[in-house]
Amino acid sequence: MKFFGICCGRKNGNTELLMAEALDGVKDRIPDAECSFVNLQDAEIKSCIGCETCMKHKLKGDMEFRCIHGMNEDHFYAIEQQMRAADGIIVSAPAYNLLPPGILIRFLNKMHASGDYRAITQGVDICKVGGCFSIGGTDWTDYMENVMRMITMELVGVYDGVADAVHFDFLPGFQLVLAAPEVLARVRRLGQNVAEAALKKKETGENPEYRGDWGVCPYCHSNMIRVFEDGHVSCPQCNVEGTVSVENGKLRVTFTEDAMQKSRWAPYGQKLHMENIGKGHKRTAENAGLIRDRFSDKYREKLKSWRAKLPELEK
Ligand SMILES: Cc1cc2nc3c(=O)[nH]c(=O)nc-3n(C[C@H](O)[C@H](O)[C@H](O)COP(=O)(O)O)c2cc1C
């Protein structure tokens, strides 16, 4: 079986060292597992320019289309092929400004242009499961676990495929994790959990039981709640509505099974999302003439004159 890791921190730094530990954990359970990882800092990933060409092809049912950047213009497809081949994917990241580094998000943005990727990850034969871990130099990391689980879900296909997710604070210095045996041990266990999940999925077709950090949302395990002006709440990751109560001074949030079926990541939400994208494109097409005229009349020259002129860079 194959396991593939994604890093985006310093070369030989904390997250790379922890990735080695996680892959050792995989090998504890599956000694002949083929393990490798990529550090996105070594890769050239062209930024998605938001042209939506891939989405327009998808809406027409064309899953063969690949990004307008082409197959060999950056390293995206080489990495995507490794992910396609993997039974388990482990994603890692340090916190940069409370969030995973931009290069990981840049990679994620390109996933839209990878055709049927989500469909294959959801196929039982493909057996894709995953896990993630992240670290921060301090505790300025509140979004990390949630965003990391979401990225991992995007790469393995469904939240139910995320076997484990863990975050650690106060690990700022280069290679400091080597002096943190409890962190090394937990990440090794994450590797073991991902390996066990992959074996279970292969043997039974069943998704793993989630063994990661606590979350209030039973669907995505997010530990955040969005509060609306009228007092109702939802999981900001899933868009699932919940109700709140206070018991012994502690906030309780309850999500019903019915509400969870309406998660944006569940079939209901995915279908709605694609329909909404389709409606948006239809409206754009219907208004094409009007948009063209208004743009030419009012905005073309204005935007051109106000757009900052960046200096030529020395090669
Ligand atoms: C640009 C940048 C921004 C950072 N922002 C945060 C932050 O918001 N919160 C935090 O806890 N640590 C932050 N850090 C610290 C890193 O998460 C920390 O140094 C970590 O150990 C780096 O992992 P690595 O050794 O795998 O590169 C930041 C580091 C850099 C380089």
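Q: Ala, Val, Leu, Ile, Met, Phe, Trp, Tyr, Cys and Pro count as nonpolar, Asp, Glu, Lys and Arg as charged, and the others, Gly among them, as polar. How do the residues of the lining of the largest cavity divide?
A: This is a predicted model. Take the residues that line the cavity: Cys132, Phe133, Ser134, Glu145, Met148, Arg149, Ala165, Val166 and His167. Glu145 and Arg149 fall in the charged class, because Glu and Arg are on that list. The lining divides into two charged, two polar and five nonpolar.

Q: How much space lies in the largest cavity?
A: The structure holds one cavity of 30 Å³ or more. The space in the largest cavity is about 40 Å³.

Q: Which helix gives the largest share of the lining of the largest pocket?
A: This pocket holds about 1,100 Å³ of space. It has 43 lining residues, and Met55, His112, Arg118, His273 and Met274 lie nearest its centre. Helices H2 (53-59), H4 (102-110), H5 (117-122) and H9 (267-286) each give two or more residues. The largest share, nine residues, comes from H9.

Q: From which domains does the lining of the largest pocket draw at least three residues each?
A: His273 and Met274 are among the residues nearest the pocket's centre, and so is Met55. Their numbers fall in separate ranges of the domain assignment. The lining draws at least three residues from each of domain 1 (2-204) and domain 2 (267-306).

Q: How many residues of the lining of the largest pocket are charged?
A: Arg118 is one of the residues nearest the centre. Arg counts as charged. Of the lining, 22 residues are nonpolar and 13 are polar, and the charged ones number eight.

Q: What volume has the second largest pocket?
A: Its lining includes Gly9, Arg10, Tyr96 and Leu171. By class, the lining has six nonpolar, five polar and one charged residues. The volume is about 160 Å³.

Q: How far does a backbone N or O atom of Arg10 lie from an oxygen atom of the ligand?
A: Arg10, Thr15, Ala95, Leu98 and Leu171 come nearest of the 18 residues around the ligand. Asn14 has a polar backbone atom 2.8 Å from a ligand oxygen. Ala95 has a polar backbone atom 2.8 Å from a ligand oxygen too. For Arg10, the distance is 2.7 Å.

Q: How far apart are the end C-alpha atoms of helix H7 (residues 181-204)?
A: H7 has 24 residues. At 1.5 Å a residue it should span 34 Å, and the model agrees. The end C-alpha atoms are apart by 34 Å.

Q: Which residue follows H7?
A: Its phi is positive, near 80°. The residue is Gly205.

Notes:
Residues numbered from 1 in each chain as written. Predicted model: local features only at pLDDT ≥ 70, side-chain atom pairs only at ≥ 80, totals over all residues. Heavy atoms only, no water. 1 Å grid on protein atoms, 1.4 Å probe; cavity = no way out; pocket = protein on both sides within 12 Å on 5 of 7 lines; lining within 4 Å. Points joined across faces, edges and corners; volume = space filled by probe spheres on them. Helix = DSSP H or I, 4+ residues; strand = E, 2+ residues; numbered from the N terminus. Domains from an automatic or database assignment. Expected span 1.5 Å × (residues − 1). Near = heavy atom within 4 Å. Polar contact = N/O pair within 3.5 Å; in protein donor to acceptor, adjacent residues only side chain to side chain.
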